[in-house]
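Colleague: I have a few minutes before the next run. Could you take me through this model?

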Amino acid sequence: VPAPATPVPAPATPVPDPVTPVPAPATPAPGPVTPVPAPAPGPGSRARITVTGTISLSGITKIEDFLALIKVAIAALLNVPFEDITLTVVNGSARRELLLQSNRRLQDNTSLQVTVDTTQECSDEMCAASAQSTANQIEANLGNTNDLTTSIQQTGADNGVTTLQNTVVDSTDIISSGVQIEQTGGTNGDPIILGLQNQVFKFDGRDGAWYSNLASKNLQWNMLFRKFETCPEGENMFISGISLSTQDEKRKGMNSNILIVTTPEPIPECQEDPNRVCLGGGTLHISFDGGNTFVSKPGDYHYGSQNRLVAHNTYDACSRKWHDYDISDNTPYSLRNGGRRMTVQEKKPLDLLANTKLTMIDPSECSTWIEDRLIKNDLFEQQGRWSTIYVEGPLVSFHIEYRRSDWFGRKCDFQSLDAWMTTVSDELWKTEWNGILGETKHIKNHHITGDQIKSDRTELLYGKNDVDYEVDGPFGKSFAALELHNGGERIKKAFSSVIDSVFSNRIVDLVRTE
């Protein structure tokens, strides 16, 4: 198992001078071509698996010099991604107590704490059982001292490291193991809505209309629907534009207006120079100023004072099938007001790509591609028709995948943007959410059976018609379903107030009677 190549961090790219403004996307002309259907949306859940244990090794000194290779050996044995494993040298009194309990001499052994924190996608029905089985297998493999010794020694032999060839794992102690089921939240380009509480339903929409997907006090997430005539009826509407707007009156550095759009054909700059690297082959464009100017070049962009966007072309095997979000209790607002995130706190672009390999279309094939990018440090120089975008901010982070039909023999000529929230701050989570996805934040149960409603769009959403969620443009905020909801809330409050008043007056009357 080769040692992982150390990536050369690419410098953060400032937002460059804008390229020629991109015109509003138009419906592409029909043409004969082979469909590469967008991958099916995930089943609605993923499992987070954590296993922690300590291993005691003999025959090794200065273990800090060999941690990377030991990590490679453990990852290979446990069959989990390299980056999902953390190794910590156990020092001081903790190490002394551990070794004394095992009746081993302190000078002859080195102890490591091994923490595995990985995820796997799974179906809703079998998610917990499947994840627990994986956790049990990781525990068993980590506890097998013979196989662990063999893996470390083989890694040492493969890399010409004599010290590791003589290293022996004497014992393993499992400290803890756990499985947590997490929910999805996003939109698939079909468009299929993956709700926040395991709901999955189709939202048809109409060609050329913008819809509110999530509306809250701090976040407005809208999406543009586009009809592709060469695709089968009922499967020809895709999301071809996304806007993300964050607002915060107290922290101006959190405010942003990101617009991501597609065009049927590459822009001239990308057509004229075959060596120019453009996102999606010149058909994917990003605006940092609300649509006034656009860029189409891959890069690591910082905008505002606390926001970041990383965009690169993607090898198809590395494209995500689906993604989830976590709710973080760690408020990232401890950064100095107006200050940029410290470089050491940011993940490198290739780390962002590698961190969730289990959600990729082909993790094994993608790993080889990632290793090549690490060695050559050329992630932003890759040509391609599919692209990946990461948007990071203090309130919320997004993962966006751009997919296109195959270039040759196309029968369904489509462009599709799939988007998921990957991190939601506790502050944002506590606000009221509206919009298509926003209304799935809370579980709705059937009024007769009491079962959770998961797929009936007419029962899940306040607005019974798709037009109820239309907004007047990429950054529009008003829509009929929001008014329906707010009106209903006002009526409930008024009714509650009347009941309280009547009840209070009745109490007064009773007191007077007595």
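Modeller: One term before we start. Helices are DSSP runs of H or I with at least four residues, strands are E runs of at least two, and both are numbered from the N terminus. Keep in mind that this is a predicted model.

Colleague: Which residue follows α1?

Modeller: Helix α1 covers residues 67-78. The residue after α1 has a positive phi, near 60°, and is Asn79.

Colleague: How far does α1 reach from its first C-alpha to its last?

Modeller: The helix has 12 residues. At 1.5 Å a residue, its reach is close to the expected value, and it comes to 16 Å.

Colleague: How many helices and strands does the protein have?

Modeller: The protein has 514 residues, and 51% of them count as buried. Of contacts between residues at least 6 apart in sequence, 69% join residues at least 24 apart. The secondary structure comes to 12 helices and 20 strands.

Colleague: Which strands are at the edges of the open sheet of 6 strands?

Modeller: The order is β13-β12-β11-β10-β9-β20, with antiparallel pairing. An edge strand pairs on one side only, and the two that do so are β13 (284-287) and β20 (470-471).

Colleague: Which residue stands opposite Thr262 in β13?

Modeller: β12 and β13 run antiparallel and are joined by 4 bridges. Across from Thr262 is Leu284.

Colleague: Is Ala209 buried or exposed?

Modeller: Ala209 sits in the loop between β8 (200-202) and β9 (210-215). Its contacts beyond four places in sequence are Met223, Leu224, Phe225 and Glu470. Its relative accessible area is 3%, under the 20% cut-off, so Ala209 is buried.

Colleague: How far apart in space are Ala209 and Phe225, C-alpha to C-alpha?

Modeller: They are 16 residues apart in sequence. In space, the C-alpha separation is 5.7 Å.

Colleague: Why is strand β15 called largely enclosed?

Modeller: In a regular strand the side chains alternate between the two faces of the sheet. From β15, Asn307, Leu309, Ala311 and Asn313 point one way, Arg308, Val310 and His312 the other way, and all are buried. The strand is largely enclosed by the rest of the structure because its buried residues number 7 of the 7.

Colleague: What is the bridge partner of Gly299 in β15?

Modeller: β14 (residues 299-303) pairs with β15 in the antiparallel sense over 5 bridges. The two form a hairpin with 3 residues between them, and Gly304 in the turn has a positive phi of about 65°. Gly299 is bridged to Ala311.

Colleague: Which residue of β17 stands opposite His312?

Modeller: β15 also pairs with β17, antiparallel, over 6 bridges. Opposite His312 is Thr388.

Colleague: What is the volume of the largest cavity?

Modeller: The structure holds 2 cavities of 30 Å³ or more. The volume of the largest is about 110 Å³.

Colleague: Which residues lie nearest the centre of the largest cavity?

Modeller: The lining divides into 10 nonpolar, 4 polar and 1 charged. There are 15 lining residues, and nearest the centre lie Thr246, Ser256, Asn307, Gly393 and Val396.

Technical notes
Residues are numbered from 1 along each chain as its sequence is written. This is a predicted model: local features need pLDDT of at least 70, side-chain atom pairs count only at pLDDT 80 or more; totals for chains, interfaces and linings use all residues. Side-chain values use heavy atoms; hydrogens and water are left out. On a 1 Å grid over the protein atoms alone, a cavity is a set of points where a 1.4 Å probe fits but cannot get out, and a pocket is an open set with protein on both sides within 12 Å along at least five of seven lines; lining residues have an atom within 4 Å of a point. Grid points are joined across faces, edges and corners, and a volume is the space filled by probe spheres set on the points. Ala, Val, Leu, Ile, Met, Phe, Trp, Tyr, Cys and Pro count as nonpolar, Asp, Glu, Lys and Arg as charged, and the others, Gly among them, as polar. The expected span of a helix is 1.5 Å times one less than its number of residues. Buried means under 20% relative accessible area, exposed over 50%, partly exposed in between (1.4 Å probe, protein chains only). Contact means heavy atoms within 4.5 Å. Two strands pair if DSSP finds at least two bridges between them.
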